[in-house]
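Please look at the sequence and the model before reading on. The paragraphs below go through the structure one part at a time.

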Amino acid sequence: MDYYGTIGPAGASAECLRRMREAGMTGIRVNLSHGTLENQQEHLALIREAGIPKILIDLQGPELRIGDLTEPLELPEGAALR
């Protein structure tokens with residue numbers, strides 16, 4: 001079984017990542033929702049330095065911002081939000 005962590009500010013050091021790997025983490029997730037792959041080069045270097053063999057790249061999906069709903073949303077039977 002694989003165990004993945006997510007790299008972020010609290011764990012963005014080779015030593016912390018190495019300890020996580022030694023504790024059983026087999027791979028790491030890099031979240032691109034808040035930046036590009038180019039912005040993550042420092043994190044990728046730390047991951048390689050820590051010897052983590054597997055990397056998942058989480059791409060940003062579509063976003064829909066509709067604002068505040070002032071009344072409950074009611075859909076007719078069989079209708080779906082897309």
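This is a predicted model: local features need pLDDT of at least 70, side-chain atom pairs count only at pLDDT 80 or more; totals for chains, interfaces and linings use all residues.

The side chain of lysine 54 meets that of aspartate 2 in a salt bridge, with 3.0 Å from N to O. The two partners come from distant parts of the chain: aspartate 2 is in the segment before E1, lysine 54 is in strand E3, and 52 residues separate them. Aspartate 2 has a relative accessible area of 38%, so aspartate 2 is partly exposed.

Strand E3 leads on to the sheet. Three strands form an open sheet in the order E1-E2-E3, and their pairing is parallel. Strand E1 (4-6) and E3 are the edge strands, since each pairs on one side only. From one strand to the next, the twist averages 30°. Strand E2 (residues 27-31) runs parallel to E3, and five bridges join the two. Across this pairing, isoleucine 28 stands opposite isoleucine 55 in E3.

Leaving out residues up to four places away in sequence, isoleucine 55 touches Ile28, Val30, Leu44 and Ile47. Isoleucine 55 counts as partly exposed because its relative accessibility is 35%. From isoleucine 55 to glutamate 74 there are 19 residues in sequence and 41 Å in space, C-alpha to C-alpha.

How many salt bridges does the structure hold? There are four salt bridges, including the one between aspartate 2 and lysine 54. Helix H1 (residues 14-22) contains both glutamate 15 and arginine 18, which are three residues apart, about one turn of the helix. Their side chains meet in a salt bridge of 3.7 Å, N to O. Arginine 19, also in helix H1, is four residues from glutamate 15, again about one turn of the helix. Arginine 19 forms a salt bridge with glutamate 15, and the closest N and O atoms are 3.7 Å apart. Within it, glutamate 15 is partly exposed because its relative accessible area is 43%, and arginine 18 is partly exposed because its value is 24%.

The last stop is a patch on the surface. Leu64, Ile66, Leu69, Leu73, Leu75 and Leu81 form this nonpolar patch, and together they have about 690 Å² of accessible area. Leucine 64 is placed in the segment after strand E3 (54-58). Is leucine 64 buried or exposed? Leucine 64 counts as exposed, because its relative accessibility is 68% and the cut-off for exposed is over 50%.

Terms used: Residues are numbered from 1 along each chain as its sequence is written. Side-chain values use heavy atoms; hydrogens and water are left out. Patches are made of residues with over 30% relative accessible area and no salt bridge: like charges are joined within 9 Å, nonpolar side chains (Val, Leu, Ile, Met, Phe, Trp, Tyr) within 5 Å. Accessible areas come from the Shrake-Rupley method with a 1.4 Å probe; for residues, only the protein chains shown count as cover. Buried means under 20% relative accessible area, exposed over 50%, partly exposed in between (1.4 Å probe, protein chains only). Two strands pair if DSSP finds at least two bridges between them. Axes are lines fitted to C-alpha atoms, for helices over the stretch in contact, and angles run from 0 to 180 degrees between N-to-C directions. Contact means heavy atoms within 4.5 Å.
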